[in-house]
Amino acid sequence: MRMVEGKISDIDPGKMQAKVQLAAQCDSDGKQMVTDWLQIGFSGPDIQYIYRVGDYVGCIMDDTLDDGWIICRLYDDKANLDSTERKSVFRFKDGTKVEVEENPGKVTITIGTTTIVADGSSVEIKGAGQPTFPVVHSASPCPVFGTCHLQPSTTIKVSQ
């Protein structure tokens with residue numbers, strides 16, 4: 001068995017398989033070698049990672065590099081770990097950021113200049129634009145029954 005590194009060059013999300021262009025392996029023409037379809041591993045039933053073309057990954061391969069598994073994504077030289085034990089941060093290539101804090105239970109989503117913060121009792125939207133949905137509050141009547149169905153503790157706050 002060998003540990004190898006490379007970048008995902010093709011992906012089949014339905015089969016959870018990808019091809020990897022190996023960083024340090026060349027074929028007989030001097031081009032970087034690309035593996036056959038490799039199974040993508042994951043950490044468990046409650047954690048799922050998104051793999052994309054261009055992701056830098058670590059693989060375990062047989063000695064001939066004919067078969068193996070993608071076992072993880074690897075950090076590039078510019079990466080930093082800004083997550084702590086109680087806070088997970090997910091950054092996407094378009095700049096979108098999702099922060100999940102375990103205690104207190106809170107989720108913060110940043111998309112461009114808009115930030116959405118949600119916890120167990122409220123949702124707050126800050127940013128450049130107005131929300132595209134109506135603001136619902138404790139006095140909002142149901143169009144069918146004419147009374148509000150929200151629990152009194154539910155608050156939705158919209159600010160600019």
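This is a predicted model: local features need pLDDT of at least 70, side-chain atom pairs count only at pLDDT 80 or more; totals for chains, interfaces and linings use all residues.

Modeller: Residues are numbered from 1 along each chain as its sequence is written, and side-chain values use heavy atoms, with hydrogens and water left out.

Colleague: How many salt bridges does the structure hold?

Modeller: A salt bridge here is a side-chain nitrogen of Lys or Arg within 4 Å of a carboxyl oxygen of Asp or Glu. Among them is the pair Glu99 and Lys97, with the closest N and O atoms 3.0 Å apart. The number of salt bridges in the structure is four.

Colleague: Arg73 meets which side chain in a salt bridge, and is that partner buried or exposed?

Modeller: The N to O distance for this pair of Arg73 is 3.7 Å, and the partner is Asp55. Arg73 lies in strand 6 (residues 68–73) and Asp55 in the loop between strand 4 (38–40) and strand 5 (56–61), so the pair ties together parts 18 residues apart in sequence; strands are DSSP runs of E, at least two residues long, numbered from the N terminus. Buried means under 20% relative accessible area, exposed over 50%, and partly exposed in between, using a 1.4 Å probe and protein chains only. At a relative accessible area of 9%, Asp55 is buried.

Colleague: Which side chain meets Lys106 in a salt bridge?

Modeller: Lys106 is partly exposed, with a relative accessible area of 28%. Its partner is also described as partly exposed, at 22%, and the N to O distance is 3.9 Å. That partner is Glu101.

Notes: Helices (H or I, at least four residues) and strands (E, at least two) are DSSP runs, numbered from the N terminus.
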